[in-house]
Amino acid sequence: MTSNAVPRVSVIVVAAGSGTRLGAEVPKAFVALGGSTLLERSLHAVAGMRERAQLIVVAPEPLVSEATALASAAFGGGATVVPGGETRQQSVARGLAAVADSVEVVLVHDAARALTPSALFDAVVDEVDARGHGVIPGLAVSDTIKRVGAAGDIHETVDRSVLSAVQTPQGFPRTDLVAAYAAATSEETDDAGLVTALGLDVSVIPGHELAFKVTTPADLRRAELVLLDESGTNDAPLPRIGIGTDTHGFDPSTELWLAGLHWPEEVGLAGHSDGDAVAHAITDALLSACGLGDIGSVFGTSDPRFVGAHGEVFLTETRRRVEEAGFRIGNVSVQIVGNRPRFSPRRAEAEVLLTSILGAPVSLTATTTDGLGFTGRGEGIAAVATALVFHSPSY
Ligand code: CTP
Ligand code: MG
């Protein structure tokens, strides 16, 4: 997992359209779909990418602060939000201007494709890396397509075997996309249109059924039905929750690692690994939610490979097992119980780190126990975690 400090990949989520064809009271990206807005769902997909990307959200000018709040909750902070333009192309151009210096690959994604799986983003990044040019997802066209005149007169049947209905995220080497936007003379409906107009290569890779765009009320209904299937309101399995707790005593001879962070000024915690009670509680909560055992049975309590291991090791492997078992993480919530360290100054940093490791929002709270018990006496730290997991859609 790469850190967000020097991102190599940037994802621009364009959400500044008004959604005329959907006809809702709010701009399309802010329309609710199963309790979350289309934008939030798209941001969760970006948060679930294997490689932590720079996130740039392009929002309608009046909703920039609302988009900022959604982005920080869904992505764990660190997102850039810029106001959009008159057309999609202008909105992408504004997002492109905010790409960090370190970025080599830029993905552009329609917020309206709210159910796009994180794996499609990963596949686009992988293919841009492998091919060194632009890559866009597309699906075969199933309808018979006619080329027609203004009066409805048919000119020809188009050979559909050579057609692809393209989706987003569309990914490009940064230099290609920047050059294409700098040279743009036409108004295109996708980014690949500008890049190919400049004579640069772009390939189509297999898209995903769930990357469809919510354009009309019927599309929104389709998306709602997909979620109903996932959430179990039909006959599909219910989401599952899990709980995990962990306790470690202070050990003045060690350094403190907590919530994946190093705390240089603080007394450490005793334990076989680094004693990171937060990471261990999350691990148990996730394993338990999926019925995969617990940290002891999965990682062993004396395995020499895990001596001094940091939380990231456990969490990365746990996420892999969760996904391998056919689940995806909904969210994780953790409470730290103890007198020290004072957690709030580093809460955001820890949330960003853990969210990026798990690919799902992690929220952290901390409390003391009014001087009572071992935590109140300052003997150690406890952490309690709950996790929600969903069955991954099977298509
Ligand atoms: N978009 C944008 N800025 C614009 C227009 C569109 O950021 N000026 C974004 C939309 O928010 C959407 C994506 O581009 O996520 C694809 O556009 P589309 O589906 O056409 O959305 P809208 O333009 O909002 O819808 P409509 O065309 O029905 O008004
Ligand atoms: Mg539009």
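Reply: Let us begin with polar contacts. A polar contact is a pair of N or O atoms within 3.5 Å; within protein, one atom must be able to donate a hydrogen and the other to accept it, and residues adjacent in sequence count only if both atoms are side-chain atoms. In this model, a backbone N or O atom of glycine 85 is 2.9 Å from a nitrogen atom of ligand 1. The model is predicted: local features need pLDDT of at least 70 and side-chain atom pairs count only at pLDDT 80 or more, while totals for chains, interfaces and linings use all residues. Residues are numbered from 1 along each chain as its sequence is written, chains are lettered from A and ligands numbered from 1 in the order in which they are written, and side-chain values use heavy atoms, with hydrogens and water left out.

Me: Which backbone atoms lie 2.8 Å from an oxygen atom of ligand 1?

Reply: A backbone N or O atom of alanine 16 lies at 2.8 Å from a ligand oxygen, and a polar backbone atom of glycine 19 is 2.8 Å from an oxygen atom of ligand 1. Accessible areas come from the Shrake-Rupley method with a 1.4 Å probe; for residues, only the protein chains shown count as cover. Taken alone, ligand 1 exposes 560 Å², of which the protein buries 88%.

Me: How many residues surround ligand 1?

Reply: A residue is near a molecule or strand if one of its heavy atoms lies within 4 Å of it. Ligand 1 is surrounded by 18 residues, and the closest are Val14, Thr20, Lys28, Ser91 and Lys213.

Me: Which side chains make polar contacts with serine 203?

Reply: The side chain of serine 203 has a polar contact of 2.8 Å with that of histidine 133 and one of 3.5 Å with that of arginine 131. Helices (H or I, at least four residues) and strands (E, at least two) are DSSP runs, numbered from the N terminus. Serine 203 belongs to strand 12 (residues 202-206).

Me: Is serine 203 buried or exposed?

Reply: Buried means under 20% relative accessible area, exposed over 50%, and partly exposed in between (1.4 Å probe, protein chains only). Serine 203 has a relative accessible area of 17% and is therefore buried. Threonine 386, in strand 17 (residues 380-391), is partly exposed at 38%. In helix 1 (residues 38-47), nine of the 10 residues are buried, among them Leu38, Leu39 and Glu40.

Me: How are aromatic pairs read, and how many does a search of the whole structure find?

Reply: A pair of aromatic rings is described by the distance of the centres and the angle of the planes. Rings of Phe, Tyr and Trp (its six-membered ring) pair if their centres lie within 6.5 Å; planes under 30 degrees apart count as stacked, over 60 as edge-to-face and the rest as tilted. The search of the whole structure finds four aromatic pairs. One of them joins phenylalanine 299 and phenylalanine 314 edge-to-face, at 4.9 Å centre to centre with 75° between the planes. Phenylalanine 299 lies in helix 9 (residues 295-299) and phenylalanine 314 in helix 10 (residues 311-324), so the pair ties together parts 15 residues apart in sequence. Phenylalanine 299 is buried at 4% relative accessible area, and phenylalanine 314 is buried at 4% as well. Ring pairs also link Phe299, Phe306 and Phe314 into a cluster.

Me: Which arginine lies over the face of phenylalanine 75?

Reply: A charge sits over a ring if NZ of Lys or CZ of Arg is within 6 Å of the ring centre and within 35 degrees of the ring normal. Arginine 52 lies over the face of phenylalanine 75, at 3.7 Å from the ring centre. Arginine 222 lies over the face of phenylalanine 212, at 3.8 Å from the ring centre.

Me: In which sense do strand 8 and strand 9 pair?

Reply: Two strands pair if DSSP finds at least two bridges between them. Strand 8 (residues 145-148) and strand 9 (residues 154-158) pair in the antiparallel sense over four bridges. Arginine 147 has glutamate 156 in strand 9 as its bridge partner.
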